[in-house]
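Here is a short briefing to read alongside the sequence and the 3D view. Please look at the structure first and then follow the topics one by one.

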There are 2 protein chains.
Amino acid sequence: MLLAAAVAMLVGGLHAEERVDLSMTSRIRQEAFAKSQVMPLLEGLTEDIGPRLTNSPSMAKANAWTRSKFNEWGLSNVHDEALVEPFGRGWEFRSASAEMLSPRAFPLHALPKAWTPGTTGPVEGEAIAAKLESKADLDKFKGKLKGKIVFIADARAYKPGEKADWHREDDKSLADMQSLAVPADQTPEAKEEARERRRKRMEFAPMLNEFLVSEGALAAVSPSGWDNGILLVSGGGSRKAGESVGMPTLAMSAEHYNTVMRALDRKAPVRLRVNVDANFTSDTDQPAYNTIAEIPGSGAHRDEVVIIGAHMDSWHAGTGAADNGAGVAVMMEAMRILKAVGARPDRTIRIVLWTGEEQGLLGSADYVSRHFGKFAEPTDPKEKALPAFLRTTRGKLEPAKDYGKVAAYFNLDNGGGKIRGVYAQQNMAVTPIFEAWLKPFNDVGATIVTQRDTGSTDHVSFDRVGLPGFQFVQDDLDYFTNVHHSDLDVLDHIVPEDLKQASAIVASFAYNAAMRQEKLPRKAVLED
Amino acid sequence: MLLAAAVAMLVGGLHAEERVDLSMTSRIRQEAFAKSQVMPLLEGLTEDIGPRLTNSPSMAKANAWTRSKFNEWGLSNVHDEALVEPFGRGWEFRSASAEMLSPRAFPLHALPKAWTPGTTGPVEGEAIAAKLESKADLDKFKGKLKGKIVFIADARAYKPGEKADWHREDDKSLADMQSLAVPADQTPEAKEEARERRRKRMEFAPMLNEFLVSEGALAAVSPSGWDNGILLVSGGGSRKAGESVGMPTLAMSAEHYNTVMRALDRKAPVRLRVNVDANFTSDTDQPAYNTIAEIPGSGAHRDEVVIIGAHMDSWHAGTGAADNGAGVAVMMEAMRILKAVGARPDRTIRIVLWTGEEQGLLGSADYVSRHFGKFAEPTDPKEKALPAFLRTTRGKLEPAKDYGKVAAYFNLDNGGGKIRGVYAQQNMAVTPIFEAWLKPFNDVGATIVTQRDTGSTDHVSFDRVGLPGFQFVQDDLDYFTNVHHSDLDVLDHIVPEDLKQASAIVASFAYNAAMRQEKLPRKAVLED
């Protein structure tokens with residue numbers, strides 16, 4: 001114990017130069033805790049505007065509404081930036097119902113998958129169990145689906161939830177999170193296999209769409225990925241103009257899906273009625289937009305930038321309150337706080353609210369590759385044919401004009417839980433810096449810096465090209481049990497105090513990064 | 001420790017005469033575990049027939065279907081017995097939908113309350129927040145509800161589920177369950193207050209129904225009592241011919257209810273569409289029926305009876321799989337097992353599948369009072385005016401003809417979890433008997449006899465008149481977290497192995513009670 005304490009002091013001593021402006025931190029905390037606007041912002045975004053599927057009318061409303069807030073607060077350079085690649089078509093839905101008519105009449109709980117067509121009024125037909133997961137499956141059911149409502153996957157047995165839905169980190173779990181498992185090598189064969197699997201899945205989706213249309217099916221249904229009546233729903237059909245959008249397709253509560261499948265197992269003729277009011281909002285592919293605003297730097301490093309961001313797009317079953325209205329509201333609130341406390345940062349502080357995160361980090365990937373850098377296109381034609389996220393090689397980094405200007409990127413996208421620390425993404429040099437920055441927030445529960453990588457959100461777009469991009473460690477709450485991509489992702493599952501805490505920390509991190517002598521240290525870029 | 005062990009031996013010694021026929025127990029276990037029919041029975045009852053609201057067409061189907069099974073198995077005296085008091089009207093629903101049309105369009109998750117009218121097609125109107133819980137509330141909203149869809153309760157904040165949804169007893173919780181808290185006295189004032197509160201609630205319900213109709217409201221909505229989108233729904237309106245059935249009334253998921261309430265708080269005009277296809281199945285009050293069958297006794301005590309039972313009626317949101325399809329299937333299976341193993345009991349073993357349990361143990365109360373005994377009507381006119389379950393005095397017991405003939409009653413109605421023991425209802429003399437009977441089932445997890453009383457189901461009708469009526473201790477599973485009276489009460493949440501275990505234990509208990517030298521000991525009747 002004595003030795004450990006001595007080492008800790010020594011490490012502390014080595015980084016004694018990392019100073020935090022505690023009077024600015026106090027002002028930020030006061031503004032965040034006592035005059036918070038984070039809940040009205042989140043309510044405006046999620047309840048007034050609603051869910052924000054990429055390129056939907058609601059997403060356009062959200063772009064406009066966030067710009068208007070930024071202008072209201074006196075931020076600079078407020079604008080939307082279109083992605084280079086057209087994203088696809090917009091889509092929205094207004095209502096959806098499914099009913100069993102026989103063997104007994106009762107309502108089924110289901111919602112449409114995004115980018116699948118509506119039904120133009122109620123349609124009725126017999127249900128059929130037809131697992132459609134390969135070309136062989138399509139051959140098997142050829143000629144058998146006309147006028148049918150097709151249940152395209154097996155029933156899925158209920159899995160008891162043996163842990164509490166709601167989960168906060170404690171001292172032990174936070175300590176555990178600071179250990180790192182050295183990653184095992186993936187063999188080239190395993191990599192190739194995984195790539196092949198994903199490629200096949202990509203090829204099969206349009207094939208299935210066209211098959212169901214050409215067979216004259218009425219609708220398709222798959223089971224929700226979660227139990228307890230929760231509807232976990234994302235996309236289907238196709239957002240790309242010119243591609244088959246397939247049939248009206250719904251995700252149904254596992255309990256109701258299984259009820260239909262059991263009736264079919266008993267050879268009971270199952271008759272259903274489905275009615276989905278949904279439509280595409282354009283015939284052609286349209287660009288998607290990131291929304292951007294700044295507090296301009298006023299010091300020697302004004303040409304350098306600290307970026308904070310969160311994705312504004314969401315899935316459509318709930319209102320995207322935790323994923324990622326919470327992140328957006330916290331990032332907006334951090335900018336508001338910095339303006340309100342009269343921050344005059346050395347570097348420019350920029351907020352970017354990303355689009356298309358749910359479809360593959362599209363907004364941040366576009367932004368980073370255009371402004372900061374990207375990997376060279378692969379020469380291997382097999383690799384080149386794949387979308388970037390399916391490739392197994394990276395190539396060489398090609399920095400763009402502003403690659404050297406990025407001091408830091410901070411992201412928030414693990415739901416509405418308060419911040420407990422930061423993932424350092426194996427960039428060890430930032431650890432003492434973040435520890436110093438977290439210290440004034442230890443009392444509100446933010447304590448750890450872990451070397452672990454975390455993925456699946458927009459800091460990855462920065463991290464992979466060697467820019468110092470970070471995502472915070474958050475309390476899970478019910479994010480990964482009930483809320484993520486589900487119909488329960490609504491304001492009720494948000495804890496206001498947690499968002500206040502997070503907005504103070506983000507504002508403080510952005511300010512510290514903007515005032516620091518040096519940009520945040522970078523780690524080596526992994527190139528092939 | 002030494003002393004305790006000695007006492008235990010002595011107690012054990014005192015009851016050494018309690019013998020169990022272990023070769024019959026083996027045969028019962030083999031039949032129950034290896035040739036079980038309990039899941040097909042439960043599937044037939046819940047998935048083919050559906051939910052079984054008292055006096056609904058499905059309940060009548062269930063009466064007929066269970067009789068046909070009993071006849072098929074060669075049981076005797078198979079019949080339905082009508083309750084003396086007409087229960088009321090039947091009701092059923094086929095579909096229900098609710099949609100928000102503005103400020104943004106999306107589907108709302110809701111189901112109708114039983115015994116409320118349908119809408120005769122889709123109706124549209126503005127939502128209004130009108131908490132209606134007292135006469136003063138009615139006065140406040142007089143003249144303001146015409147054409148409105150009335151949200152009759154406050155929004156209810158989300159409460160995080162901090163325990164696992166799924167719960168089995170362990171050694172510690174089973175040990176804890178064997179301690180008894182000596183009940184505290186309730187003062188006469190507190191009793192009177194509680195009675196007054198219940199009386200007022202009873203009086204208010206029809207007043208609210210009539211008010212909503214006379215004001216010309218379109219529909220009424222209240223929030224589900226559970227979170228996470230679960231619909232906890234029971235009855236509303238009125239089942240009694242001649243009484244106002246009120247408006248079409250729905251229970252809405254808390255998350256969606258709160259969304260509407262928040263929009264109203266923001267002064268956003270909220271327009272909804274509601275469509276409920278529901279109807280009453282008769283104009284006049286009809287009797288409800290218990291279903292009865294027997295394995296006749298063939299010994300000296302053939303005129304005495306061991307009864308096993310469970311309530312067949314259910315609420316309508318799910319299929320009543322855990323409440324109480326599970327109990328019914330287990331009791332039926334116990335009878336089938338006893339026939340299959342060729343049991344020739346001394347006493348008669350009777351199964352009674354109760355009706356109207358969810359409306360106040362109506363089936364069992366009627367059966368017990370008619371055949372076995374009841375308390376004298378109160379002379380106090382205030383008491384007399386109240387239904388029996390609201391009275392605070394009992395009066396004197398008036399035994400009926402067969403009061404002396406009941407050897408035991410066993411009930412199962414705490415969901416689909418396996419049996420962990422028996423509630424002795426403070427009848428200490430049964431403890432060593434049940435301990436001996438449970439011993440051959442210790443290895444499948446049934447171990448404890450607790451002196452605790454448990455209530456809220458049909459053994460109470462026996463227990464309160466001094467008959468030895470018992471309910472088993474069961475693993476909760478997700479019964480009290482997700483399933484009880486909710487749309488999740490469907491087959492998916494049932495564990496087949498648990499029902500097999502329970503059916504073996506029930507068959508064995510029934511057999512032991514039918515073969516024992518004496519009827520089960522009785523405790524004193526508490527009279528006023």
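A salt bridge is here a side-chain nitrogen of Lys or Arg within 4 Å of a carboxyl oxygen of Asp or Glu. This is a predicted model, in which local features need pLDDT of at least 70 and side-chain atom pairs count only at pLDDT 80 or more, while totals for chains, interfaces and linings use all residues; side-chain values use heavy atoms, with hydrogens and water left out. Residues are numbered from 1 along each chain as its sequence is written, and chains are lettered from A, with ligands numbered from 1, in the order in which they are written.

**Salt bridges**

- Side chains of opposite charge can pair when their charged atoms come close.
- By the rule above, the count comes to 66 salt bridges over all chains.
- One of them joins A:Asp277 to A:Arg94, with the closest N and O atoms 2.8 Å apart, and this pair links distant parts of the chain, since A:Asp277 lies in strand E9 (residues 271-280) of chain A and A:Arg94 in strand E2 (residues 91-102) of chain A, 183 residues apart.
- Helices (H or I, at least four residues) and strands (E, at least two) are DSSP runs, numbered from the N terminus.
- On the scale used here, buried means under 20% relative accessible area, exposed over 50%, and partly exposed in between (1.4 Å probe, protein chains only); A:Asp277 is partly exposed at 31%, and A:Arg94 is also partly exposed, at 26%.
- In chain B, B:Glu72 forms a salt bridge with B:Lys69, the closest N and O atoms being 3.8 Å apart, and both residues lie in helix H4 (residues 57-72), 3 residues apart, which is about one turn of the helix.
- B:Glu72 has a relative accessibility of 56% and therefore counts as exposed.
- Another bridge within a helix connects B:Glu203 and B:Arg199, whose closest N and O atoms are 2.5 Å apart; the two residues lie in helix H7 (residues 188-215) of chain B, 4 residues apart, about one turn of the helix.
- B:Glu203 is partly exposed at 39% relative accessibility, and B:Arg199 is partly exposed at 27%.
- Salt bridges that share partners also join A:Glu43, A:Glu47, A:Asp48, A:Asp492, B:Arg262 and B:Arg266 into one network.

**How the two chains are related**

- Chain A can be laid on chain B with an RMSD of 0.0 Å by a turn of 180° and a shift of 0.0 Å along the axis, where copies are superposed by least squares on the C-alpha atoms of residues with pLDDT of at least 70 in both.
- The two copies are thus related as by a two-fold rotation axis.
- Among the residues of chain A, A:Ala164 comes closest to the rotation axis, its C-alpha being 1.9 Å away.
- The copies meet through the same surface, because 100% of the interface residues of chain A are also interface residues in chain B.

**Two helices of chain B**

- The expected span of a helix is 1.5 Å times one less than its number of residues.
- Helix H8 (residues 254-265) of chain B has 12 residues and reaches 16 Å from its first C-alpha to its last, close to the 16 Å expected.
- H8(B) is largely enclosed by the rest of the structure, because 11 of its 12 residues are buried, including B:Tyr257, B:Met261 and B:Arg262.
- Just after H8(B), B:Lys267 takes a positive phi of about 65°.
- Helix H9 (residues 321-340) of chain B spans only 25 Å between its end C-alpha atoms, whereas a straight helix of 20 residues would span 28 Å.
- H9(B) is largely enclosed by the rest of the structure, because 18 of its 20 residues are buried.
- Just after H9(B), B:Gly342 takes a positive phi of about 75°.

**A covered strand and its partners**

- Strand E16 (residues 419-423) of chain B is mostly covered, with 5 of its 5 residues buried.
- Two strands pair if DSSP finds at least two bridges between them.
- E16(B) is joined by 3 bridges to strand E18 (residues 469-474) of chain B, and these strands run antiparallel; B:Gly421 has B:Val473 as its bridge partner in E18(B).
- E16(B) is also joined by 3 bridges to strand E17 (residues 448-450) of chain B, and here the strands run parallel; B:Val422 has B:Val449 as its bridge partner in E17(B).

How values were computed:
Contact means heavy atoms within 4.5 Å.
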